[in-house]
Amino acid sequence: MAAIHWRRQLSVGQPSIDEDHKHLIDYLNQLDEALHARTFLPAKVAMTLMKLLEYTHEHFAREERIMQMVKYPKFAEHKAQHVHAVKIISQLSGYFTQDPTHANAERIYSFTADWLVNHIILQDTQLTPYVRGVWL
């Protein structure tokens with residue numbers, strides 16, 4: 001799969017959220033590189049996955065704090081989407097931990113890349129009128 005590139009359509013207009021999204025895309029691109037390396041190294045994939053999961057938790061917490069701060073009306077629904085994504089990514093990571101194959105790593109990448117880009121474009125950009133100009 002081709003690398004994911006930051007583009008204007010992904011901007012929410014709130015600096016910390018946009019920076020978080022850039023970091024998450026960078027981790028996904030690192031995972032993509034590991035998957036397409038000449039030699040598949042499960043340890044490299046596992047390390048990148050750990051960083052991606054840790055940063056995802058940090059990002060969701062920060063984004064949810066901002067949504068609460070601005071009294072975002074769809075907060076509960078948005079947070080539920082975060083919880084659901086973490087659950088699926090955790091399950092897929094568990095499969096990779098038990099069976100560290102290229103196929104299991106590819107499943108994590110495919111789900112996470114698709115989910116993240118779609119979530120940013122379809123959900124996070126709805127935050128823009130509420131969070132633009134909010135600094136955290």
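Buried means under 20% relative accessible area, exposed means over 50%, and partly exposed lies in between (1.4 Å probe, protein chains only). The model is predicted, so local features need pLDDT of at least 70 and side-chain atom pairs count only at pLDDT 80 or more, while totals for chains, interfaces and linings use all residues. Residues are numbered from 1 along each chain as its sequence is written, and side-chain values use heavy atoms, with hydrogens and water left out.

**View 1. Salt bridge between Asp 20 and Arg 62.** The side chains of these two residues come to 2.7 Å, N to O; a salt bridge is a side-chain nitrogen of Lys or Arg within 4 Å of a carboxyl oxygen of Asp or Glu. Asp 20 belongs to helix H1 and Arg 62 to helix H2 (residues 42-69), 42 residues apart, and the pair links distant parts of the chain. Helices (H or I, at least four residues) are DSSP runs, numbered from the N terminus. Both Asp 20 and Arg 62 are buried.

**View 2. Salt bridge between Glu 19 and Lys 22.** The structure holds two salt bridges; in the one shown here, the N to O distance is 3.3 Å. Glu 19 and Lys 22 are about one helical turn apart because they lie three residues from each other in helix H1 (residues 15-35). Glu 19 is partly exposed at 38% relative accessible area, and Lys 22 is partly exposed at 35%.

**View 3. Largest nonpolar core.** A nonpolar core is a set of buried Ala, Val, Leu, Ile, Met, Phe, Trp, Tyr and Cys residues joined through side-chain atoms within 4.5 Å. The largest has 27 residues, and those with the most contacts inside it are Ile 4, Leu 28, Leu 31, Val 45, Tyr 109 and Leu 116. H1, H2, H3 and helix H4 (102-122) each supply at least two residues of this core, and the largest share, eight residues, comes from H4. Leu 28 touches Ile 4, Leu 52, Tyr 109, Thr 112, Ala 113 and Leu 116, leaving aside residues up to four places away in sequence; contact means heavy atoms within 4.5 Å. A second, separate core of nine residues includes Ile 17, Ile 66, Val 70 and Tyr 72.

**View 4. Packing of H1 and H4.** The two helices pack at about 155°, with their axes 10 Å apart. Axes are lines fitted to C-alpha atoms over the stretch in contact, and angles run from 0 to 180 degrees between N-to-C directions. H1 is therefore roughly antiparallel to H4, a term for angles over 145 degrees. The H1 residues in the contact include Leu 24, Leu 28 and Leu 35, and those of H4 include Ala 105, Tyr 109 and Leu 116.

**View 5. Packing of H3 and H4.** The axes of H3 and H4 come within 8 Å and cross at roughly 165°, so the two helices are roughly antiparallel to each other. Among the residues making the contact are His 78, Ala 85, Leu 92 and Phe 96 of H3, and Asn 104, Phe 111, Trp 115 and His 119 of H4.

**View 6. Loop residue Lys 71.** Lys 71 lies in the loop between H2 and helix H3 (75-98). Its phi is positive, about 55°, although Lys 71 is not a glycine. Lys 71 is exposed, with a relative accessible area of 67%.

Notes:
Parallel < 35°, antiparallel > 145°, perpendicular 65-115°, else oblique.
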